[in-house]
Amino acid sequence: MNKDELIKYAKIYLAPFVVLFLFLIHNIASGYQSGLKLYISSKYMDQAEKIDSLFRVVYKPDWRGAYGLIGQSYLYKITKDQSYLNFIIKKNIIKLDNGEWVDDVAWDCLAILYWWDVTGQANSEWLMNVKKRYDKARKDKLLKHDDGYWTWYNVKKRIFQFDKRFTNSNMNQMVIVACWLYRATGERKYLNDALLVWNGDNNFPGIEKKLYKGKGKWEGRPGKAAFGAELPFNGAGYLSIGSALYNATQDQKYKKIVIDTAKYILNPKNGWVEDVYFYQKYVDGNGAFVNFLMDAYSIAPNELSDVLKKCKKMLDHVWTNNYGKSKVILHREIDNGIRHGWNPYGGEDGYYPDEIG
């Protein structure tokens with residue numbers, strides 16, 4: 001593989017795994033400090049640093065770049081290495097391109113907010129930039145109830161009758177941004193938006209009443225990943241939303257649903273994860289999947305103490321190419337690429353194992 005090909009693949013496939021590895025390292029460290037018998041293995045830090053070195057080469061100021069910048073914020077938090085801070089200052093993090101879809105805006109906002117947080121919450125320019133992005137999306141009426149319940153949408157007006165462009169399959173990352181903004185500014189309007197998506201109002205329900213079936217199970221209409229599926233990752237996306245709402249309100253309702261959902265998803269008997277290494281079997285975005293689980297763990301480390309162990313098994317499965325037994329290359333050593341390593345059987349929307357990063 002020549003340099004141009006390497007950069008091409010890295011741009012597409014790399015960024016989600018930066019944050020995945022660093023989030024895992026951060027939480028393993030936190031778990032150790034709280035008494036869990038876990039430790040930081042140097043191999044995870046080594047892989048994270050290798051990925052980051054290539055990320056710096058291929059960085060572009062879009063949503064993929066934003067996801068990688070979140071990963072860098074964890075590296076900075078762990079190592080205190082000023083080179084990570086220098087990188088985001090040099091690139092001017094607030095120049096991130098909002099992209100086409102509302103979840104692109106959300107990832108940009110979250111990248112800026114993570115850096116605002118790990119640098120001491122003192123940079124008012126960064127915070128105001130996030131407010132501006134969020135407020136514009138709200139003004140554009142992308143939070144609405146076109147399908148009979150409150151949710152964020154990617155477009156103001158559907159192009160045709162059956163256009164189902166949800167926020168990257170209706171994961172509502174903007175709810176997390178709203179919770180951050182409420183906690184950072186004290187402005188109630190942001191929390192009201194977040195609560196509206198989850199709880200609805202007197203006229204339309206929110207996602208809990210519409211999609212949550214109880215005991216950790218979420219269920220929505222089927223469809224392809226980005227154009228119609230109401231419920232990607234078996235509801236794992238709502239782990240992050242519920243965790244953000246719990247942090248903003250301290251309401252135990254959100255914590256309980258998060259705990260129940262994480263346990264339901266990670267139980268192989270329910271069909272979503274593999275029963276030995278716990279990778280999810282049906283879509284290609286396991287980087288996001290792990291991060292959702294980590295958000296759940298962050299608010300309930302005692303109740304979800306097995307999450308770290310299961311995520312570690314996922315990582316070991318990939319980085320060893322299923323301990324040398326895989327028929328498909330899961331971990332491509334030349335650029336630390338992941339060729340659909342989480343799901344060796346193939347992915348969403350008809351992709352095959354060797355077609356997914």
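Select Phe278 in the loop between H12 and helix H13 (286-299). In this predicted model, Phe278 has a positive phi of about 65°, although it is not a glycine. Most residues other than glycine have a negative phi. Display the surface next: is Phe278 buried or exposed? Phe278 has a relative accessible area of 9%, under the 20% cut-off, and is therefore buried.

Move to Asn92, in the loop between H5 and H6. Asn92 is not a glycine, yet its phi is positive, at about 55°. The relative accessibility of Asn92 is 29%, so this residue counts as partly exposed, whereas Phe278 is buried.

**Helices H3 and H5**

Select helix H3 (residues 42-58) together with helix H5 (residues 82-91). Their axes come within 12 Å and cross at roughly 25°. Because an angle under 35 degrees counts as roughly parallel, H3 is roughly parallel to H5. The crossing of this pair, H3 and H5, is left-handed. To see the contact, show side chains for Glu49, Asp52, Phe55 and Arg56 on H3, and for Ser83, Tyr84 and Phe87 on H5. By class, the contact of H3 with H5 contains three nonpolar residues, one polar residue and three charged residues.

**Helices H3 and H14**

The crossing of H3 and H14 is left-handed, as is that of H3 and H5. On the H3 side, select Lys43, Tyr44, Gln47 and Ile51; these meet Lys312, Leu315, Asp316 and Trp319 in H14. The contact of H3 with H14 comprises four nonpolar, one polar and three charged residues.

Follow the chain from helix H14 (306-319) towards strand E5 (331-332), and select Asn322 in the loop between them. Asn322 has a relative accessible area of 18%, under the 20% cut-off, and is therefore buried. Which residues does Asn322 contact, once its neighbours within four places in sequence are left aside? They are Tyr277, His317 and Leu330.

**Helices H4 and H6**

Next, select helix H4 (residues 63-79) and helix H6 (residues 102-118). The axes of H4 and H6 come within 8 Å and cross at roughly 20°. H4 and H6 are therefore roughly parallel to each other, and their crossing is left-handed. For the contact, show the following residues:

- From H4: Trp63, Ala66, Tyr67, Leu69, Ile70, Gln72, Ser73, Tyr74, Tyr76 and Lys77.
- From H6: Asp104, Trp107, Asp108, Leu110, Ala111, Tyr114, Trp115 and Val118.

Colour this selection by residue class: the contact of H4 with H6 has 13 nonpolar, two polar and three charged residues.

**Two cysteines**

Select Cys109, which has a relative accessible area of 0% and is therefore buried. Then select Cys179, which also counts as buried because its relative accessibility is 2%. A disulfide is a covalent bond between the sulfur atoms of two cysteines. How many disulfides does a search of the whole structure find? The search finds zero.

**Lys256 on helix H12**

Select Lys256, found in helix H12 (residues 252-265). Lys256 has a relative accessible area of 53%, over the 50% cut-off, so this residue is exposed.

**The whole chain**

The protein chain has 14 helices and six strands. Of its 357 residues, 57% are buried; Phe278, Asn322, Cys109 and Cys179 are among the buried residues of this tour. Among the contacts in the protein chain with a separation of 6 or more, 63% are accounted for by residues 24 or more positions apart.

Methods: Residues numbered from 1 in each chain as written. Predicted model: local features only at pLDDT ≥ 70, side-chain atom pairs only at ≥ 80, totals over all residues. Heavy atoms only, no water. Axes fitted to C-alpha atoms, helices over the stretch in contact; angles between N-to-C directions. Helix = DSSP H or I, 4+ residues; strand = E, 2+ residues; numbered from the N terminus. Parallel < 35°, antiparallel > 145°, perpendicular 65-115°, else oblique. Left-handed = near helix turned anticlockwise from the far one by under 90°. Contact = heavy atoms within 4.5 Å. Nonpolar A, V, L, I, M, F, W, Y, C, P; charged D, E, K, R; others polar. Disulfide = S-S within 2.5 Å. Buried < 20%, exposed > 50% of the residue type's maximum accessible area, 1.4 Å probe, protein only.
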